Protein chains: 2
Amino acid sequence: MTNSQDDTIASRISRVLAERIISGALPPGARLRQDHLAEEFGASHVPVREAFRRLEAQGLAVSEPRRGVRVAAFDLAEVREVAEMRAALEVLALRHAIANLTPAILDRAAEATAAADAARDVRAWEAANRAFHRLILEPCAMPRLMASIDDLHAASARFLFSAWQSSWQPRTDHDHRAILAALGNGNGEEAVSILGRHVQWIGRTPVRNATGETREIFSIVG
Amino acid sequence: MTNSQDDTIASRISRVLAERIISGALPPGARLRQDHLAEEFGASHVPVREAFRRLEAQGLAVSEPRRGVRVAAFDLAEVREVAEMRAALEVLALRHAIANLTPAILDRAAEATAAADAARDVRAWEAANRAFHRLILEPCAMPRLMASIDDLHAASARFLFSAWQSSWQPRTDHDHRAILAALGNGNGEEAVSILGRHVQWIGRTPVRNATGETREIFSIVG
DNA sequence: AGCTTCAAAATTATAGATAATTATTCCGGT
DNA sequence: ACCGGAATAATTATCTATAATTTTGAAGCT
C-alpha cells in the first residue's frame with residue numbers, strides 16, 4: 001500500500017526510511033529510535049511514529065510495543081514466500097493487462113530490458129527490472145493489486161541488495177525478451193506462463209562472513 | 001498486514017474502527033475526525049492518527065493530507081479485484097498447506113462448513129466461512145501470505161455486509177464440501193482448482209434505494 | 001436569487017512536555 | 001572473577017498546546 005506522493009512529513013520520513021531499509025543502509029534488526037530520527041529530520045516524533053506504522057504495514061519494520069521498532073529481519077523462507085506471492089499476483093495482473101497493452105508500451109518495456117542487461121551495478125539493474133515489470137502490468141488497471149505488487153517489489157529489492165551488495169555481473173535477460181515476444185505475437189498465455197516462472201527464479205551468491213566462513217545468500221532475481 | 005494483538009492504544013483504536021468499517025456501521029465516505037474519536041476513546045489524537053495509518057494500509061480508509069481521513073469507498077471493480085486477488089493468493093496458500101493438512105483440521109473445516117450452512121444471518125455466515133478458509137490455508141506456514149489474505153478477507157466481509165445488510169438466506173455450500181472431499185482423497189490439485197473458482201463467485205442481490213429505485217449490489221460470497 | 005469575498009469556526013498537523021516503561025551501568029555480595 | 005540488583009539513563013507512549021489549513025457561513029454586491 002504505497003500511497004505516498006503526498007507532502008506530509010510522516011510520508012516523507014516513511015519514504016526515506018523505506019529507501020534506507022531496502023538499500024541495506026539500515027540492516028535487519030537495526031533499531032529505529034524515534035527521537036533520533038525526529039531530530040535528524042528536524043521534526044517531532046509524532047510524524048516519525050506515523051511513518052513507523054506504514055513501514056510496519058509494508059513488512060519493512062517490526063514493532064514491539066514499548067520496546068521500539070526494528071528493521072524487519074528476513075530469511076530464505078521469506079525470500080521464497082515473496083517470490084511466490086509475486087508470481088501469483090503478477091500473473092493475475094498480466095492477464096488483465098494484456099488487453100490494454102499497446103505497441104508503445106512494449107517498446108518501452110524492451111528499452112527497460114536493454115537497460116537491465118546493460119546495468120553495471122545492482123541498483124541500476126533493479127530499477128530497470130522494476131520498470132519492465134511495472135510497464136507491462138500497470139495497464140491491468142487494478143490499483144489495489146498494483147499496490148500489493150509494489151510492496152512485494154520493495155521486499156524483493158531488499159533481498160537483492162542484501163545479496164549482491166558489491167558483486168554484480170551483467171546478465172542477458174532471456175525471460176524478459178521471451179515475454180515481450182509472446183506478447184507481441186498475441187500469445188498472451190505463453191507470456192503469462194513465462195512470467196510466472198521468471199519471478200520465482202531465485203539467484204544465489206556466496207559471501208564471506210566476518211569470521212571468514214563462506215555461505216550462500218539467496219535473492220529474487222526476476 | 002494485521003499484526004494487532006498488542007496492547008497499545010493505537011492498535012486498539014485501529015481494531016475497533018476496522019470492525020466498524022467492515023460491519024458498515026461506518027459507511028463508505030464517512031469522515032473520521034481525530035478529535036471526536038480521541039474523545040470517544042478517552043485518548044488524545046496522536047494514537048488515533050497512528051490507527052489511521054494502519055487502516056489506510058489495509059485499504060479501509062483513505063487519507064487526503066490536510067483534509068482528513070474518510071472510510072474508503074468501493075465499487076464493483078474493487079469487489080472483483082479483491083475476489084481475484086483472493087483467488088490467486090488462496091490457491092497459492094492451499095498448494096503449500098496441503099502437505100501439512102491433518103484429518104483433525106479437515107474435521108474442523110467440515111464443522112465450519114456446517115456452521116456456515118446453518119447460519120441465520122450474514123455475520124454468522126461470514127465468521128464460519130472465514131474460519132473454513134483460515135483452517136485449510138493456515139498450515140501453509142507463510143505468515144506474510146496469510147496476512148495479505150486476512151486483509152483481503154476483511155475487504156470481502158465489508159462488501160458482503162454492505163450487500164446483505166438485512167436479507168440473508170441460508171445456502172448449502174457445495175464448494176466447501178467438494179474441496180474437503182478432494183483434500184480427503186489426496187486429490188490436491190482438484191481442491192485447489194475448486195477453491196480458485198469458488199473464491200471468485202460474486203453474489204448479487206437487489207436493494208431498494210432511498211429514492212425508491214432498485215439496483216443490484218454485488219459482493220464476494222465464498 | 002445567485003455569486004463572490006471575507007471572517008469565524010472547525011479540523012488537521014506538528015511541536016513540546018510528561019509519565020511510564022525498558023535498557024544500562026555500576027556496585028556489593030558470594 | 002562472576003552474578004544479582006538497585007540506581008540511573010535512555011526511550012517509548014501518550015497528553016496538552018500551538019500553528020497552519022480548510023471548511024462553513026454570512027454579509028455584501030451584481
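I began with DNA strand C, where a phosphate oxygen is 3.4 Å from a polar backbone atom of B:Gln34, a polar contact being a pair of N or O atoms within 3.5 Å. The model is predicted, so that local features need pLDDT of at least 70 and side-chain atom pairs pLDDT 80 or more, while totals for chains, interfaces and linings use all residues. Residues are numbered from 1 along each chain as written, chains are lettered from A, and side-chain values use heavy atoms, without hydrogens and water.

A polar side-chain atom of A:Arg67 lies 2.8 Å from a phosphate oxygen of DNA strand C, and one of A:His45 lies 3.0 Å from a base nitrogen.

I then turned to salt bridges (a side-chain nitrogen of Lys or Arg within 4 Å of a carboxyl oxygen of Asp or Glu). A:Arg53 and A:Glu56 form one at 2.9 Å, N to O. I checked their accessibility: A:Arg53 is buried at 12% relative accessible area and A:Glu56 is buried at 11%, where buried means under 20%, exposed over 50% and partly exposed in between (1.4 Å probe, protein chains only).

I also noted A:Asp117 and A:Arg177, whose closest N and O atoms are 2.1 Å apart in a salt bridge. A:Asp117 lies in helix α5 and A:Arg177 in helix α8 of chain A, so the pair ties together parts 60 residues apart in sequence; helices are DSSP runs (H or I) of at least four residues, numbered from the N terminus. A:Asp117 is buried at 13%, whereas A:Arg177 is partly exposed at 40%.

Note on methods: Polar contact = N/O pair within 3.5 Å; in protein donor to acceptor, adjacent residues only side chain to side chain. Helix = DSSP H or I, 4+ residues; strand = E, 2+ residues; numbered from the N terminus.
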